[in-house]
Amino acid sequence: MEMKHRTHNQPTQGEMRKYLRSHGTSAEASMWLLLKARQMDGVKFRRQFSVGPYILDFYAPELKLCIELDGAPHYTYDGAESDRIRSEYLMVHHGIHILRFENELLFKNTEGVVEMIREAIRVRREALLHTSLNVPRS
C-alpha cells in the first residue's frame, strides 16, 4: 500500500500554529470575528492552517481559498518576493487562491473587505462547481 505524504497541518508545525493563534494581531482577531462559525456565507474557515511549509492566516478547505492579512513587513521588496513565491507554491501545488488585505484596510473599510471576500467565495464556488461537473464556463 502506497503511503500518501501529508501536506496539510503537519504535526511538526502544531506548536507554531498554536502560538500564532494565541498571539495574533488585532487585525487577525477582527477578521476571525467575521469568519468564524460559518458566518461568511456558510463557509467554514480555519485559522492558522498549514499547507506544505506555510501557515495560512485563514483557510477555507472546501473552496481552496486563503485570506492573508499583511502588515508592514510584507510591503518591502523581500516581503513582496516572499509573498510571490508563497502564492505561486500554494496555487501551483495545491490550487489555493489567495486574497490579501493590508491590516489597516480591514479597519478602515470592513464592509468593502467583507464584500471582496463574499465575491471571492461566489467565484470559487462557481469555479469548483464547473470543475466538478466538467462544464465549460461561458
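Analyst: Start with the term: a nonpolar core is a set of buried Ala, Val, Leu, Ile, Met, Phe, Trp, Tyr and Cys residues joined through side-chain atoms within 4.5 Å. The general idea is that in soluble globular proteins, nonpolar side chains tend to be buried together. Note that the model here is predicted.

User: How many residues does the largest nonpolar core have, and which have the most contacts inside it?

Analyst: The largest one holds 21 residues, and Met31, Phe45, Ile67 and Ile117 have the most contacts inside it. At least two residues each come from helix H2 (26-35), strands E2 (54-60), E3 (65-70) and E4 (97-102), and helix H5 (110-133). H5 gives the most, with five residues.

User: With which residues is isoleucine 67 in contact, leaving aside neighbours within four places in sequence?

Analyst: Isoleucine 67 touches Met31, Leu35, Phe45, Asp57, Phe58, Leu99, Phe101 and Ile117. Another core lies apart from the largest one; it has eight residues, including Val51, Tyr59, Leu90 and Ile96.

User: What pattern does the protein follow along the sequence?

Analyst: The order is α-α-β-β-β-α-β-α-α, made up of five helices and four strands. Among contacts with a separation of 6 or more, 61% are between residues 24 or more positions apart.

User: What share of the residues counts as buried, and what share of the accessible surface belongs to carbon and sulfur atoms?

Analyst: Of 138 residues, 36% count as buried. The accessible surface is about 8700 Å², and carbon and sulfur atoms account for 56% of that surface.

Note on methods. Residues are numbered from 1 along each chain as its sequence is written. This is a predicted model: local features need pLDDT of at least 70, side-chain atom pairs count only at pLDDT 80 or more; totals for chains, interfaces and linings use all residues. Side-chain values use heavy atoms; hydrogens and water are left out. Buried means under 20% relative accessible area, exposed over 50%, partly exposed in between (1.4 Å probe, protein chains only). Contact means heavy atoms within 4.5 Å. Accessible areas come from the Shrake-Rupley method with a 1.4 Å probe; for residues, only the protein chains shown count as cover.
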